[in-house]
Amino acid sequence: MTVAAIREYIGVPRDSVENFGGKQIVYASWDRHLLFAAPFLLCLPPETRFRDLVEGPLTALVQADPDAAALDWTKVEWLKDNQPWTPDFDASLADNGIGHKDQLRFRTAGLNSLSAAA
Amino acid sequence: MSTVFIALQANEETRPIIEAIEIDNPQAVVNRQPAMVKIDAPGRLVIRKSTIEEQLGREFDLQELHINLISLTGNVVEDDETLTLSWNS
Amino acid sequence: MDMKVAKKKLGLKEKYKLMTRDLGWDTTYQTKEDVFPYVGYEGIKIHDWEKWEDPFRLTMDAYWKYQAEKERKFYAIIDAHAQNNGHLNLTDARYLSALKIFLQAISPGEYAAHKGFARVGREFPGVGTQVACQMQAIDEIRHAQTQIHAMSNYNRYYNGFHAFADTRDRIWYTSVARSFFDDAMSAGPFEFMIAIGFSFEYVLTNLLFVPFMSGAAYNGDMATVTFGFSAQSDEARHMTLGLECIKFMLEQDPDNLPIVQNWIDKWFWRGFRVLGLVSTMMDYMLPKRVMSWREAWDIYGVENGGALFKDLARYGIKPPKGWDDAEKAIDHMSHQFMLGLYQWSFGTAFHSWIPSEDDMNWLSAKYPDTFDKYYRPRWKHIKKLADAGTPFKNYGLAKLCQCCQLPTVFTEPDDPTLTCHRESVYNGQKYHFCSDGCKNVFDNEPEKYVQAWLPMPQLFQEPINGDLGAWMEWVSLRDGKDNGDYAGSEDQQNFEAWRGLATTNQ
């Protein structure tokens with residue numbers, strides 16, 4: 001549907017990738033780990049290696065969770081765009097097909113200390 | 001039947017108004033909460049100028065209600081003598 | 001010599017006719033379409049503006065008289081509050097967080113509503129409508145002013161009140177309320193009436209003003225009770241205007257029904273999200289609580305909103321699309337918000353805290369199906385971290401919803417352990433949402449919502465470029481004073497010291 005308007009109505013997106021000075025937004029979240037109230041917003045260059053994203057900011061951010069110590073990144077299940085997906089840890093975000101504002105989710109079956117069974 | 005309500009500030013001005021509403025609406029339930037009074041009634045609530053005047057001992061313009069009104073619900077019908085709240089269902 | 005004529009007192013209906021309808025005129029040297037250019041493009045068909053009914057039949061002379069009376073009452077109490085150190089009668093200064101949120105997010109909303117009603121009062125051709133909108137425009141500016149004035153008393157003693165205008169414009173959580181009003185004000189006049197007059201005022205403001213203000217009374221805050229109830233005394237008229245407006249549209253033409261229903265669906269959900277924070281104010285921020293958010297929802301949402309939609313069913317109106325999802329969220333939302341506010345409290349111009357054991361027991365009694373199962377374990381873990389000297393701060397900034405602009409803290413309606421992930425692609429760009437409700441709003445008018453100014457992504461753009469310290473300065477947030485945990489804050493220390501001075505001879 002279009003916006004009801006008195007003349008042609010065109011919206012300019014505020015968060016286009018050009019506005020981030022060569023970086024892009026990536027969202028990441030740990031399924032069923034709701035100590036973290038919302039998915040994390042990260043702003044990174046697309047050349048960042050996936051491994052550096054995971055072992056850098058992501059590992060740092062999840063430390064407050066009691067499951068963090070037991071988290072084995074080689075065993076987690078990944079989702080991108082809410083679909084199962086397998087990353088290449090040594091490829092860049094761009095080469096992994098991770099676009100601007102893509103949402104990555106990871107799951108750790110059996111490792112859910114603070115979460116009641118649904 | 002759906003409930004209609006009116007909520008008024010709890011103060012000296014509204015005490016006789018609330019008493020008048022109780023007289024005119026025997027089915028109404030008066031809930032006293034901190035600083036306010038909420039009056040619920042099944043389907044319909046009538047507020048009458050003449051009953052308020054009897055309780056108050058002076059003339060009363062129904063629009064004076066606005067000063068101490070907190071909230072209400074239902075379809076409103078007002079004339080010089082009454083203010084009625086009602087649901088059609 | 002002039003003859004003295006005894007003035008005949010006019011009846012309510014007669015007076016209303018003279019003081020509203022008789023003030024209108026037909027245009028002669030301009031067409032009606034040129035004078036009222038915005039009344040047609042939304043597709044709403046009106047055949048007879050004379051059918052507009054103001055059930056209160058309030059006229060301007062009576063309006064000024066009663067508003068003046070309200071102002072006198074208001075200032076009598078505000079003066080007494082200021083003269084008698086009213087701030088020391090609070091149950092606890094952590095209560096002030098609720099007021100800070102109110103001042104930063106809600107009072108500016110009142111001002112926005114003022115602008116909106118002033119505009120639609122000009123855009124509608126019907127005289128009854130114009131007068132009613134004009135009164136509401138004046139009411140709304142009065143609300144903004146009295147609220148700011150009342151809360152300025154707290155600014156003399158406590159942090160977080162000093163820069164509400166900057167906060168309103170720049171800090172992240174206020175964009176929720178701001179985008180709500182911007183959305184309404186950039187719509188046409190009829191949609192604005194459904195947005196503010198009907199969905200917000202009629203369906204939702206009771207939840208804000210009635211139990212919350214009663215809660216303010218319970219917590220010894222006479223200043224807030226006074227502005228709250230003074231505002232609310234206008235609200236009954238606003239609600240009635242909203243309801244009359246919707247009935248008027250539906251009675252004028254059957255073609256209006258689908259348009260109106262679509263707006264009800266949209267604005268119920270927008271309003272539910274923007275008022276969601278009230279759940280946290282009620283369940284967590286009032287030291288003494290009158291009722292839980294769930295109990296308030298049962299009275300004002302389920303019972304009252306239910307009655308309203310049953311009544312409107314005669315026109316073919318159905319309850320809003322998001323109604324069932326809202327019901328499913330009620331027992332979760334206050335906890336989800338407070339957990340978020342606590343972990344992001346480095347970036348809020350108000351304090352949050354870990355609920356005490358007593359508070360948690362109260363929450364558990366009020367939310368027997370959800371609190372102990374889902375939320376107590378998280379609070380206990382957070383408490384453990386605080387006790388160990390490593391308080392939990394989540395420096396991972398939050399993903400925001402493109403529509404409501406809240407952090408996406410909400411879970412799947414039927415699975416409270418899983419974050420609700422929703423996205424849409426429009427013109428090759430990806431957009432994220434907190435719920436189906438918000439995604440639906442976006443998908444109906446993507447061209448409007450792609451323009452959203454989302455504070456979190458903005459932080460990584462010019463001029464802040466990801467620098468948290470620069471951001472704090474830009475939003476006028478004084479690190480270590482306005483933000484963080486209430487425990488150990490200046491507000492807490494000062495309140496305790498001053499109250500000690502007030503109640504002892506030391």
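Two strands pair if DSSP finds at least two bridges between them, and strands (E, at least two residues) and helices (H or I, at least four) are DSSP runs, numbered from the N terminus. With that in hand, here are my notes on this predicted model.

1. Housekeeping. Residues are numbered from 1 along each chain as its sequence is written, while chains are lettered from A and ligands numbered from 1 in the order in which they are written. Since this is a predicted model, local features need pLDDT of at least 70 and side-chain atom pairs count only at pLDDT 80 or more, totals for chains, interfaces and linings use all residues, and side-chain values use heavy atoms, with hydrogens and water left out.

2. The three-stranded sheet in chain B. Start with the open sheet of 3 strands in the order S4-S7-S6, where the pairing is antiparallel. Strands S4 (44-48) and S6 (75-78) of chain B sit at the edges with a single partner strand each, so one side of each has no neighbour in the sheet. From one strand to the next, the twist averages 15°; angles here run from 0 to 180 degrees between N-to-C directions, and axes are lines fitted to C-alpha atoms, for helices over the stretch in contact. S4(B) pairs with S7 (residues 82-86) of chain B over 5 bridges, in the antiparallel sense. To find one of these on screen, look for B:Arg48, whose bridge partner in S7(B) is B:Thr82.

3. The four-stranded sheet in chain B. Chain B also has an open sheet of 4 strands, ordered S2-S3-S1-S5, again with antiparallel pairing. Which strands are the edge strands here? They are S2 (29-33) and S5 (69-72) of chain B, and each pairs on one side only. S2(B) is joined to S3 (residues 36-42) of chain B by 5 bridges, and these two run antiparallel. B:Gln33 has B:Met36 as its bridge partner in S3(B).

4. A helix from chain C on that sheet. Helix H12 (residues 293-312) of chain C lies across S1 (3-9) and S3 of chain B, and runs at about 130° to S1(B).

5. Who touches whom. Contact means heavy atoms within 4.5 Å. Among the 2 pairs of chains that touch, chains A and C have the most contacts. Chains A and B do not touch, and their nearest C-alpha atoms are 31 Å apart.

6. The B-C interface. How many residues does each chain bring to this contact? Chain B gives 32 residues and chain C gives 38. The area buried between the two is about 3100 Å², with 57% of it from carbon and sulfur atoms; buried area is the accessible area (1.4 Å probe) that two parts lose on being put together, summed over both. On the chain B side, B:Gln63, B:His66 and B:Ile67 lose the most area to chain C, together 20% of what that side buries.

7. Helices H3 and H9 of chain C. H3 (residues 60-83) and H9 (residues 222-252) of chain C pack at an angle of about 165°, with their axes 8 Å apart. They are therefore roughly antiparallel to each other (angles under 35 degrees count as roughly parallel, over 145 as roughly antiparallel, 65 to 115 as roughly perpendicular and the rest as oblique). The residues in contact include C:Phe74 and C:Ile77 of H3(C), and C:Phe227 and C:Arg237 of H9(C). By class, the contact of H3(C) with H9(C) has 7 nonpolar, 5 polar and 3 charged residues. For the classes, Ala, Val, Leu, Ile, Met, Phe, Trp, Tyr, Cys and Pro count as nonpolar, Asp, Glu, Lys and Arg as charged, and the others, Gly among them, as polar.

8. Helices H13 and H15 of chain C. The axes of H13 (residues 323-343) and H15 (residues 371-387) of chain C come within 11 Å and cross at roughly 15°. That makes H13(C) roughly parallel to H15(C). Their contact has 9 nonpolar, 3 polar and 2 charged residues.

9. Two hairpins to look at. In chain A, S3 (residues 77-80) and S4 (residues 83-85) run antiparallel and are joined by 3 bridges. Their hairpin has 2 residues between the strands, and A:Asp81 takes a positive phi near 50°. In chain C, S4 (residues 422-426) and S5 (residues 429-433) run antiparallel, joined by 5 bridges. They too form a hairpin with 2 residues between them, where C:Asn427 in the turn has a positive phi of about 50°.
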